[in-house]
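User: I'd like to learn how to read a protein model feature by feature. Could you walk me through one?

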Amino acid sequence: MNPKKAIITILGKAGELDNHTKAKYYFEWEKEVQKEYFNTFPLLIENFSKSYEIVPIYTKDAQNANIKVLKKENLEFNSFNSNCLIQDDKDFKNIFKIINETITSYQEVIVDVSHGFRHLPILMIVDLIIQNFQDTQKIKKILFAKEILAFKEYEIIDLKEYLDLANISFVLTTFEKNYTVASHIKSQKYKKLLQKLNDFSNDLMALNLGNLKKTAKELFDELEKIEDISILEQARKLKQTINQLINFSNNDLYFYYYELSKTLFEKNYILLSLTLLYESTVL
């Protein structure tokens, strides 16, 4: 069975005035294909309606504005869902509820945040971050019309990579705190980093200490490749943490076991801590 797929967009009022002229739009991954529209809504209908359900979230004013726009574009759209109608654009709680329920009701979504009044795209982005923690496969793209020339030229870019960065940030933070990896987090860009984090975690949790320095080196190599400035500091802190786990003040094996036992005890890994303490005593 095909998954329920939707293009979810927040409608604005751009293009409703009679003297409003069209602007040039194109996708960042298909720059040679350019076409003029009054706003992104007709662009979405023309490019995605065959494969996706088009789901606008709208106020009454935005709905009326876009009905005018579509009429000027010679396009028909009669699928305004009453559940997506924002009655009061100052009622943040209800707006967030509408956004959340709309996204949750589909298995796969592309979200457009090009329009909408001030806080609406922000609330949408907040919900996307939450949803992406729960299911990294659901949100395929976050479309945004980047202004190249005001009122004349817009490039449709994909902001999805920032959701991936939020997930990686979450993974690095939680790993530093408990040495484990959230198994549901996926990332194409940082696929190898997640694998090496998992390898190091498995060796540590299994007390496979003979292999720990090898997996630590492989993990260091992946952390060194991080260039995204938003997670550089977390990567630096994690390297310090890993370094402390494999290099204690005394290299004698019994003392290393003892120090690592104390560290694991502080993280509430009681059984692992006791096991290492026993091995240290034996040595």
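Analyst: We'll go from overall shape to single residues.

User: Before that, what kind of model is this, and how are things counted?

Analyst: This is a predicted model, so local features need pLDDT of at least 70, side-chain atom pairs count only at pLDDT 80 or more, and totals for chains, interfaces and linings use all residues. Residues are numbered from 1 along each chain as its sequence is written, and side-chain values use heavy atoms, with hydrogens and water left out.

User: Fine. How does the radius of gyration compare with that of a compact globule of 283 residues?

Analyst: The radius is taken over C-alpha atoms, and the globule rule is 2.2 Å times the number of residues to the power 0.38. A compact globule of 283 residues would come out near 19 Å, but this protein has 25 Å. Along the principal axes, the C-alpha trace spans about 85 × 40 × 40 Å.

User: And how many helices and strands are in the protein?

Analyst: Helices (H or I, at least four residues) and strands (E, at least two) are DSSP runs, numbered from the N terminus. Here you get ten helices and seven strands.

User: What share of the residues is buried?

Analyst: Buried means under 20% relative accessible area, exposed over 50%, and partly exposed in between (1.4 Å probe, protein chains only). In this protein, buried residues make up 46% of the 283.

User: Let's zoom in on a helix. Is H1 mostly covered or mostly open?

Analyst: General idea first: an α-helix has 3.6 residues a turn, so residues three or four places apart point the same way. Now the case: H1 covers residues 40-48 and is mostly covered, with seven of its nine residues buried. Among them are Phe41, Leu44, Ile45 and Phe48.

User: Which residue caps the N-terminal end of H1?

Analyst: Asparagine 39 does, with a side-chain oxygen 2.8 Å from the backbone nitrogen of phenylalanine 41. For reference, a polar contact is a pair of N or O atoms within 3.5 Å; within protein, one must be able to donate a hydrogen and the other to accept it, and residues adjacent in sequence count only if both atoms are side-chain atoms.

User: How about contacts within helices? What does isoleucine 99 touch?

Analyst: Contact means heavy atoms within 4.5 Å. Isoleucine 99 sits in helix H3 and counts as buried at 1% relative accessibility. Leaving aside neighbours within four places in sequence, isoleucine 99 is in contact with Ile57, Leu120, Leu123, Met124 and Asp127. Leucine 120 is 21 residues away in sequence, and the C-alpha to C-alpha distance is 9.2 Å.

User: Why does asparagine 167 count as buried?

Analyst: Asparagine 167 counts as buried because its relative accessible area is 1%. This residue is in helix H5 (residues 160-178), and touches Asn132, Phe133, Thr136 and Ile185, not counting residues up to four places away in sequence.
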